[in-house]
Amino acid sequence: MTRARHTSRSMDMTTTVETSPATPERSRETRRVVFAAALGTVLEWYDFFIYGSLAVFFGGLFFPKGNESAAILASLATFGAGFVLRPFGAIVFGRLGDLVGRKKTFLVTMMIMGTATAAIGFLPTFETIGWAAPALLVLLRLLQGLAIGGEFGGAVTYIAEHSDPRRRGFMTSWLQITGTIGLLVSLGVIMVLRSSMSAESFALWGWRVPFMLSIGLLAYSLYVRMRLEESPVFLEMKAHGKGSRNPVKDTFGDPRTLRIVLVTIFGAVAGQAVIWYTAHFYSLQFLTATLKLPPQSAYAYLTIALVLATPFFVLFGWLSDLIGRKWIMLTGCLLSAILFMPLFQGMAKYGNPALEEFRAGTQVVIQGGDCSEDQSFIGQLFQPKATKPCTRARSFLAAQGVPYTLRPQAGELQFVVAETTLAGFDEAALRRVLVERGMPLTADPARVNAPMVVLMLFVLVLLATMVYGPMGAFLVEQFPTQVRYSGVSVALQFGNGWIGGFAPFIATAMVVSSGDIFRGLVYTIAVALLTLVVGAFCIRDRRGLDMREPVAATETPHAASKLAASQQ
């Protein structure tokens, strides 16, 4: 085998780009590695997202009744709880992956994920065991988050260390689609179950089936992954005694590596995270809870959009091998910041025209009462019995998509709807007045423009593919072999787990507290713009870096340009 090597030195850094002819044997082995790693990751994402796909439905199963918005927010917060431990999972399993190997570690993460998911399928509801139900649900979600925190970083590192450096973006992009495929499979399973049984049966026991199915998927995925060999780059590192004795310390204690972690989070992963979760999950929440589309229709629209857009993950991964990763991802952030608001406005226009017409001609004014002293709005939503009337009214109006304004003043609580004034909060009376003015209780199927809704969703997911498709190759090229598993996992899971994972909850809370159904998008747009600025000035594109060589944070633009030139 012939090998061409190019070396450029800057300060204490040596960067090597290796190009090796791809033999048929190597190509077959790489494809087998990609399939096995991707299959297991699809399972883990399916396990993780099956809850997200049922988050709105779960509000009535595991949380007390009495406040619709509270139940939705609580179920979304529990979905977000799965992200809390993801960074810690990245630290724990990243350390194991850098010490004992990539393969052994992501077998462990898969076992934890599959077991926790199956257990949710057997979990009693709130009506059966009370507050123990949400407590156990949160515990299982935390275990899922711990497992997924160590899974993706190991899988993408494993693939990258097997891949030809000239095709690394293309090969790792197959792993990038696993999140969308996992969501797609979860939606498909739910659609089949809901269409094959009555709503009562699904609410009683059918919702458990998707979780129980993970037992069979887990067994097959473990069988496939156990047949893999360890990463050759990891074995070479261990054979030469160059491994890290303390990957956590070397990741967080080394100022240069810590800088890479922070720049990677805020200059790449944060924007990708909020864009991905807003496009895939908040859009579904928006269609069902805000626009009142039937869940079956919303699932179908998103499924079509996912099928159409998923190939673009691979396209942008392939393109990043040709022109670099950085500007593809940052362009996706810029376009998302510009287009997300009009895209969601388009979904409202085409998904529920009657609601848009009603909103344009209706404004509810809430005045007097306890509104002026209502300081703990979100906290009250989780205590339905202690919630003040003003808070209950605001959550009710937000759940119906009704715009409102607050007018703090002395006197009793009043609601002004055009010429009608209602004293005190009487949900039935307020609903009756709003319906008389044209508020739709559900979307009219005859007026839904399904092709345009699918188009809006397709563009949302397409933007997500721009920032996520090249992300795997980008991340592994930022960190040296000794701490690659740890560095990739930590950067990815802090960004996805804490910044992106709570995006649906934060967006919904902003809508409920403001009365503006589009206000929640401000969070996604702000994070995308922050990522654009940090990434433009701080990110280095290390396309084609040799996985066997260290990466130093002191790399200069001159060395980076020589590296890029060597790939032409």
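Predicted model: local features only at pLDDT ≥ 70, side-chain atom pairs only at ≥ 80, totals over all residues.

Colleague: What volume does the second largest cavity have?

Modeller: About 70 Å³ for the second largest cavity. There are 11 residues lining that second largest cavity, and the closest to its centre are R259, V263, Q478, C538 and R542.

Colleague: And which helix gives the largest share of that lining?

Modeller: Helix α14, residues 255-290, with 4 residues of the lining.

Colleague: How does the lining of the second largest cavity split by class?

Modeller: You get 6 nonpolar, 2 polar and 3 charged residues.

Colleague: OK, let's stay with α14. At what angle do α14 and helix α24 pack?

Modeller: The angle is about 45°, and the axes of α14 and α24 (residues 484-500) are 8 Å apart. So α14 and α24 are oblique to each other. Their crossing is right-handed.

Colleague: Which residues make that contact?

Modeller: On the α14 side, V261, T264, I265, F266, V269, A270, Q272, A273, V274 and Y277. On the α24 side, V490, A491, L492, F494, G495, N496, I499 and G500. By class, the contact of α14 with α24 has 13 nonpolar residues, 5 polar ones and no charged ones.

Colleague: Switching topic: how do α17 and α26 cross, left-handed or right-handed?

Modeller: Left-handed. The axes of α17 (residues 326-351) and α26 (residues 521-538) come within 9 Å and cross at roughly 160°. That angle is why α17 counts as roughly antiparallel to α26.

Colleague: Which residues of α17 and α26 make the contact?

Modeller: From α17 it's K326, W327, L330, C333, L334, A337, F340, M341 and F344. From α26 it's L521, T524, I525, A528, L529, T531, L532, G535 and A536.

Colleague: How many of the residues in the contact of α17 with α26 are nonpolar, polar and charged?

Modeller: It comes to 14 nonpolar, 3 polar and 1 charged.

Colleague: One more pair. How far apart are the axes of α20 and α25?

Modeller: They're 7 Å apart, with α20 (residues 389-399) and α25 (residues 503-514) packing at an angle of about 115°. That makes α20 roughly perpendicular to α25. The α20 and α25 crossing is right-handed.

Colleague: Which residues in α20 and α25 meet?

Modeller: R394, S395 and A398 in α20 meet V511, V512 and S513 in α25.

Colleague: Why quote both an angle and a distance for two packed helices?

Modeller: Because two packed helices are described by the angle between their axes and the distance between the axes.

Note on methods:
Residues numbered from 1 in each chain as written. Heavy atoms only, no water. Axes fitted to C-alpha atoms, helices over the stretch in contact; angles between N-to-C directions. Helix = DSSP H or I, 4+ residues; strand = E, 2+ residues; numbered from the N terminus. Parallel < 35°, antiparallel > 145°, perpendicular 65-115°, else oblique. Left-handed = near helix turned anticlockwise from the far one by under 90°. Contact = heavy atoms within 4.5 Å. Nonpolar A, V, L, I, M, F, W, Y, C, P; charged D, E, K, R; others polar. 1 Å grid on protein atoms, 1.4 Å probe; cavity = no way out; pocket = protein on both sides within 12 Å on 5 of 7 lines; lining within 4 Å. Points joined across faces, edges and corners; volume = space filled by probe spheres on them.
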